[in-house]
Structure formats: structure tokens, C-alpha cells
Amino acid sequence: MFPKVHAGMDMEMNSNMDCGKSKGIIGEKSMRILVDKMKKYPVSIWRTLWKVGRDDPRRAIHAVKVGLALTLVSLLYLLQPLFTGIGQNAIWAVMTVVVVLEFTAGATLCKGLNRGLGTLLAGSLAFFIEYIATESGHIFRAVFIGAAVFLIGAAATYIRFIPYIRKNYDYGVVIFLLTFNLITVSSYRVDNVMKIAHDRFFTIAIGCGVCLLMSLLVFPNWSGEELHSSTVFKLEGLARSIEACVNEYFSEQDQIEANQDKSTEDPIYEGYKAVLDSKSFDETMALHASWEPRHSRHCYRFPWQQYVKLGNVLRHFGYTIVALHGCLRTEIQTPRSVRGLFKDPCIRLAGEVSKGLKELANSVRNRRHCSPEILSDHLHEALQDLNTAIKSQPRLFLGANSNQATNMLALAAAHATSQKHAKYSSGGGGVSLSSVKTDSSALMEWKSKRESSERKFLRPQLSKIAITSLEFSEALPFAAFAALLVETVAKLDNVIEEVEELGRIACFKEYEHGDENIVVTSDKPQIIDVTQNQLPSHGVD
């Protein structure tokens, strides 16, 4: 009896030791993984920082500008003569630089002027309220200040809902509301609040001045130029997308798989993605550009709202390319042997459309009018050739006779019904009558189950056979693709009209023969995400 007890204890101890060893091994592995991650973490951070600066070197320059601006306003604290004259209110200059200094000059001007104007109006109104309240008694003064805070706060908040105010002066209204309440409420308990307000306004003006100095004079980034460059980039992206889409549609399956293995990014999607996501960016850049001074060589303002209209037309053009891209991913595809009949005219047509978009991009980049031959005879020849190729194959699109589709559908239905009866007669999927109860409720339940099973069996078979049996079904997906390709030609006319209107309003230079040979070397423009490139806000103070 005792040896058995000792044996059981030994087995338990051995199992505990094994569990301890396994836990120790798992702990060692986890520790190694953690150490490896800690070793790779600094390298990953460095690569991320390097990639951000390499994608757009202006980000590094902007970071240096912000650091320099903060250093300048910090001198109000660091230098004793300046601190003696300004005092603790110097912190408002630092806060102003942090909040106002943005990536582009237009955004900085918009915020800086809004902040200055809002502070000035709020201070003036607060002085007026304080003057009236001082003439009354102590109790009436408190009531008057409370009523003024309520009325001004409600009115300013309601004004923010006006679309024009919300678009252009929303930040200024917020600063007005904040400054007015700070001065008015503080004046009830603090005697020298007016002096504090004066010093605060002075330091805010210093901060705004430093921000404007850095934005306008030290390597300025203009919102208008950013909008101009993004328009060129969108035109070139659409040109690449439509050409790549048509080439992939007519390429061999092995080639498509090889291209997908080489890169996980879809070049077609990458081309039109920036166009579809550009509405908010265009409107923001156009708003900021409207605040910027005339800084071009000819010293005239560009019609930035026309760039927004051109962006809307480009988005509609992009929707057509999205539909073309969808034709490559449909469940029912035209056989490649049928596609080959129309390959040459479609590729030539897409090439001409792409060539036209690239010419438009070149004209916008160089600020000159388009070539009069932008819609060349080759484009019309490609359209005619595609039309001729489609007319030469009427059997693919019209069928042998008009009753063929109806006959095929009837044939498919009969075939599905015969298969259904065969299945139920064989007993493979039917319900045995001997197992069914004789009461009426059970009989109705059996009938409903049988009908539902018949529908589940018939519908997919009928649709599949009906679609594949139609003679012209092979060409239906290509007909949709060809119609969308022709639609891009019609949309190209709208893009040309908007670009020409832009050139007329912005006084682009006239086209001269040989301008199409000009090669402008420029880096890939970076579309600024206004939520990423701006400084992180720490409030509206």
C-alpha cells in the first residue's frame, strides 16, 4: 500500500516538474521575442522618421521653422528686460505660436488673422461692457455681466451656424467668445483686468507676427501652389489608371497573376484614389489660398475656386474609371478569344484618352493653354475602328434570332424541372410519405418544406443555365466595358472645357508649337493631409 502511495507522489512530482520546465521554456521564448522587438523598435522608429522626411522634405523644414518660432517667443521669458515689461502674460505668445503656425502660409494667415481679429473685437466689447457695468451698483453689476455673457455667448454660437461664417471665420468666433468671457467675468473680481487684457492682446499680436514672419518669408509653402500641383498629379494619375486598366483587361491570365505577385498595390487603384479622396483637400486648399497675398511672378491672383470645379469634373471622370476597374473583377467575364477581336481599337482608344489627359496635365503644370490638336484624328479613328469592330460581330451582341433567348430560358427551366423530379423520384432528396403524419398540420408543414426545397434547388440551377445558354451572354460584359470606355471620351471633353476655362481666367500663356516637347522635371507632388501636416492643437487658447 505504501509503495503505491509513494509511486503516485513521484508521478505527481514529475508532472509538476515537467509543467514547470514547459512554463520556463515558454517564458524564455517570450523574453527572447520581447528582446528582439526592443532591438528592432529603434530601427523601426528611425525608418518611419526617415520615410516621412523623404516623402516630403518640406516637413523637416516646417519642423525647424516651428522650433525657431518657439525659441523667438520664449525670449520674452528668458530675457529679463522683456519679462519685466510683459510679465507672466508672455506665455500667450508661446501658445499663439503653437496654435497658429500651420504648414502652409494660407492656413497660418487664416488662423492668425482670425485670432487677432477675434481678440480685438472681444477686448473692445468687454471694455464697453465694463464701462457700463462700473456705473451701476455692485449687485446690478453682477446681473448685468451675467446677462451680457448669456446674450453674447448665445449670439456668437448661433452665428457659427451660418455657412459663410463657419467656413471662413469659425476659429475667430471661438477666440472672440473665449476672450470676451475671460475678460468680462474676470473684471468682477480683479481690479486691473484691463491692464491684463492689454498685455495679453500685445503678446498675442507678437505671437501672430512671428508666425506670419516664418510662414511668409522663411521657405514659404503656398496653399495655392499645393492645389495647383495636386491638380497636375490627379490628371496624370487618371491617365495612368485608364491605360493600365485597359491593358490588364486584354492581357493574358498568366501575366496578370505575375503582376499581382510582384506587387500587392494595384496601380489602377493607386492612380484614381487621390482623385476620389480630394474633395475636402481641394476645398481646404482653395480656402487657404484665398487668404494668401499675390506672390506669383506676374503678381495676379489665380482663380482657386476654378481649381475646385476642375476637381469635381475629375472626380466624375474617376467614377467612370472605377466602373471600368470593376469590369475586371466581375463574376461573368467575356472569353479572351472574344476580347481579342476588339483588343487593338480599345487599346488605341485608351492610349489616346491617356495622351489627352497627360497633355492637359502638362499645360496646367506650365500654365499655358492646351494644344488645339489635343483631340487628334487618332482618337476619332480609334472610335470608328471600335464601332466597326462591334458592327462586324452582330451575332455576339444580337444573337441568331429574336426568339432564341426565350427558347433557351424555357429549355433551362425544363431541364431544371426534370432534374428535380428525378431527384425526388429516386428518394435521394425527397421526403418519404410513410414517415409523414396523417394530421392536417403535419401535412401542411411537409408541403411547405417541399416547396421551399424545390425553390432552393430550382433558382440557382435556372439562373446559371439561363445565363450560360444565352448565345450573346459572352459579349455582354465586354459591351459594358466598351460603353464605359467610350464614356471616358465624352468625359474628356468636360475636362478639356474646365481646363480651358481655368486657363482663360488665370491668363495662361498662349500655346506655341514646340511646347509639347518641354519636359518639366519635378518631384512627385505630395497631397497634404490637412489633419496630419498641421501642428497638433492644444486647444484654442
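User: How much accessible surface does the chain have, and what share of it belongs to carbon and sulfur atoms?

Analyst: Keep in mind that this is a predicted model. The accessible surface of the chain comes to about 31,800 Å², and carbon and sulfur atoms hold 62% of that. As for burial, 36% of the 541 residues count as buried.

User: What makes up the fold, in helices and strands?

Analyst: The chain has 21 helices and 0 strands. Take the contacts between residues at least 6 apart in sequence: 85% of them join residues at least 24 apart.

User: Which residues of helix 9 are buried, and what do they pack against?

Analyst: Among the buried ones are V193, A197, D199, T203 and I204. Further along, G207, C208, V210, C211, M214 and S215 are buried as well. The buried residues of helix 9 pack against helix 2 (58-78), helix 3 (80-86), helix 4 (91-100), helix 5 (105-134) and helix 8 (170-186).

User: Why is N114 called buried?

Analyst: Its relative accessible area is 4%, and buried means under 20%, so N114 qualifies. N114 lies in helix 5.

User: What lies around the side chain of N114?

Analyst: A polar atom of that side chain lies 2.6 Å from the backbone oxygen of C110. The backbone nitrogen of G172 lies 3.2 Å from a polar atom of the N114 side chain. The cut-off for a polar contact is 3.5 Å, and both distances fall within it. Leaving aside neighbours within four places in sequence, N114 is in contact with L109, N168, Y169, Y171, G172 and W291.

User: E130 is in helix 5 too. Why does E130 get the label buried?

Analyst: With a relative accessible area of 14%, E130 is under the 20% cut-off, so the label is buried. Setting aside neighbours within four places in sequence, E130 is in contact with R141, S187 and M194.

User: Why is F219 called exposed, while R367 is called partly exposed?

Analyst: Exposed means over 50%, and F219 has a relative accessible area of 59%, so F219 is exposed. R367 comes in at 22%; that value lies between 20% and 50%, so partly exposed is the label.

User: What makes Y41, I45, W46, L49 and W50 a patch?

Analyst: They form a nonpolar patch on the surface, with about 630 Å² of accessible area together. Patch residues need over 30% relative accessible area. I45, in helix 1 (residues 2-55), has 36%, so I45 passes that cut-off even though I45 counts as partly exposed.

Definitions and conventions. Residues numbered from 1 in each chain as written. Predicted model: local features only at pLDDT ≥ 70, side-chain atom pairs only at ≥ 80, totals over all residues. Heavy atoms only, no water. Buried < 20%, exposed > 50% of the residue type's maximum accessible area, 1.4 Å probe, protein only. Helix = DSSP H or I, 4+ residues; strand = E, 2+ residues; numbered from the N terminus. Contact = heavy atoms within 4.5 Å. Patch = residues over 30% accessible without salt bridge, like charges linked within 9 Å, V, L, I, M, F, W, Y side chains within 5 Å. Areas by Shrake-Rupley, 256 points an atom, 1.4 Å probe, with all protein chains shown as cover. Salt bridge = Lys/Arg side-chain N within 4 Å of Asp/Glu carboxyl O. Polar contact = N/O pair within 3.5 Å; in protein donor to acceptor, adjacent residues only side chain to side chain.
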